[in-house]
Amino acid sequence: MEISALYEIFKRHPQVTTDSRECPEGSIFFALKGESFNGNAFAKAALDKGCAYAVVDESEYAEEGNPRYIMVDDCLASLQQLANFHRRSLGTKIIGVTGTNGKTTTKELVSAVLSKKYNVLYTQGNLNNHIGVPKTLLRLTPEHQLAVVEMGANHPGEIKTLVDIVEPDCGIITNVGMAHLEGFGSFEGVVRTKGELYDYLRANGGKVFLHAENEHLRGIAHDIETIEYGTSVDSNLYVCGEVVGCAPFLTFRWRHENGEWNNVETHLIGSYNIYNMLAAACIGLFFDVEQPDISAALSDYMPSNNRSQLTVTNDNKLIVDTYNANPTSMAAALRNFRDMQVEPKMAILGDMRELGASSAEEHQKVVDFLLANSIDNVWLVGDEFAKTRCHYHKFKNVEEVKAQIKENKPSGFYILIKGSNGIKLFQLPEHL
């Protein structure tokens, strides 16, 4: 079936699903494939559960003569093409967001700010890959005035694939850092892949919101119109700001060019979050959101999904950042933890995954930082930290940590909990 014909069906049934366990009445099921499943095999079940149509790409799963089965060459490609067709049909202005660290927080902050003035569609959770992005676009309606679409990648070329689907009008790379090195091959590979957003905007007359002090981003932002933000308060940046305190929540102030200062008390842990805050202020200001409304949105934002959260228990105050970890985000979290005006401190750190040949060196750097900064009460979790040279208490996995807590629970500490999601440190807060 041609995409234009599929789009006519979508307009009558404007909801898609890729999960046969979740089949809203009248929706369209796309039979995607994974490493261990074939969605075609679940097409009939999806129809039985309420889907109006099932899009399949293997004819043996399509009941002959049944018009509710739609045959295509490739279900994933059709989903992506349908999303792009829908995006073009509506013409909604879209802001693309990517980066090594902070992209989900920035996406949420930008959306909160813009929502003060506009009806905004934005990526839910971290549905930022080749499946999540088209599903986000297919949630667009004529009522949406703006969209904020997050795009993630762990291999070269993936951002290009996503921007070709999204066709953003403007965009932001929050930063570039050492993450997914197994997939990217090197830090330079990270920069090139994230820079595919700039490549699209450069070729299509788009605008970039640029962290002015980031030399890696500035180095690839040539021949594009930039709207710049940063912490150089003596400059004439479009938006500049500075940290006021972190005890433990970030407080900061910001201004437009050389205008009046706006003071903001946030609910985020980490001085590094000032860049995410300034990015949101910059984008909000560009889209004519009033400065008091920008500050109110930033102040009211509550973090979730184990990102820069403060969790207070009966025994401790926990700084929970367990969604992901890489050398760049780990270094930022540890620097912030060192500088936080709180005592006493403890850190529970889990392995950083997908670092390839750099893994041993990067884990030792974390330990060396802890030692150099006299952060003494540290528990390390995982096989990579087990290889490091230090005197800290080491655990094979999160279950061993739980057993230690049960035997001798820490009490009265500010505890930083950070590691890659696969180490499962997100299980610890309820035990601490």
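Y7, F10 and F85 form one aromatic cluster. The model is predicted; local features were taken at pLDDT of at least 70, side-chain atom pairs at pLDDT 80 or more, and totals for chains, interfaces and linings from all residues. Residues are numbered from 1 along each chain as its sequence is written, and side-chain values use heavy atoms, without hydrogens and water.

A pair of aromatic rings is described by the distance of the centres and the angle of the planes. Rings of Phe, Tyr and Trp (its six-membered ring) were paired if their centres lie within 6.5 Å; planes under 30 degrees apart count as stacked, over 60 as edge-to-face and the rest as tilted. By this rule there are 5 aromatic pairs. The ring centres of F286 and F287 lie 5.2 Å apart with planes at 85°, so this pair is edge-to-face. F286 is partly exposed, at 27% relative accessible area. F287 is buried, at 8%. Buried means under 20% relative accessible area, exposed over 50% and partly exposed in between (1.4 Å probe, protein chains only).

W379 and F395 form a tilted pair, at 5.1 Å centre to centre and 50° between the planes. This pair links distant parts of the chain, 16 residues apart. W379 belongs to strand β17 (residues 378-381) and F395 to strand β18 (residues 393-395). Strands (E, at least two residues) are DSSP runs, numbered from the N terminus. Both W379 and F395 are buried.

Charges also sit over rings. The criterion was NZ of Lys or CZ of Arg within 6 Å of the ring centre and within 35 degrees of the ring normal. R253 lies over the face of W261, 3.9 Å from the ring centre. The charged end of K345 sits over the ring of F337, at 5.5 Å from its centre.

Technical notes:
Helices (H or I, at least four residues) and strands (E, at least two) are DSSP runs, numbered from the N terminus.
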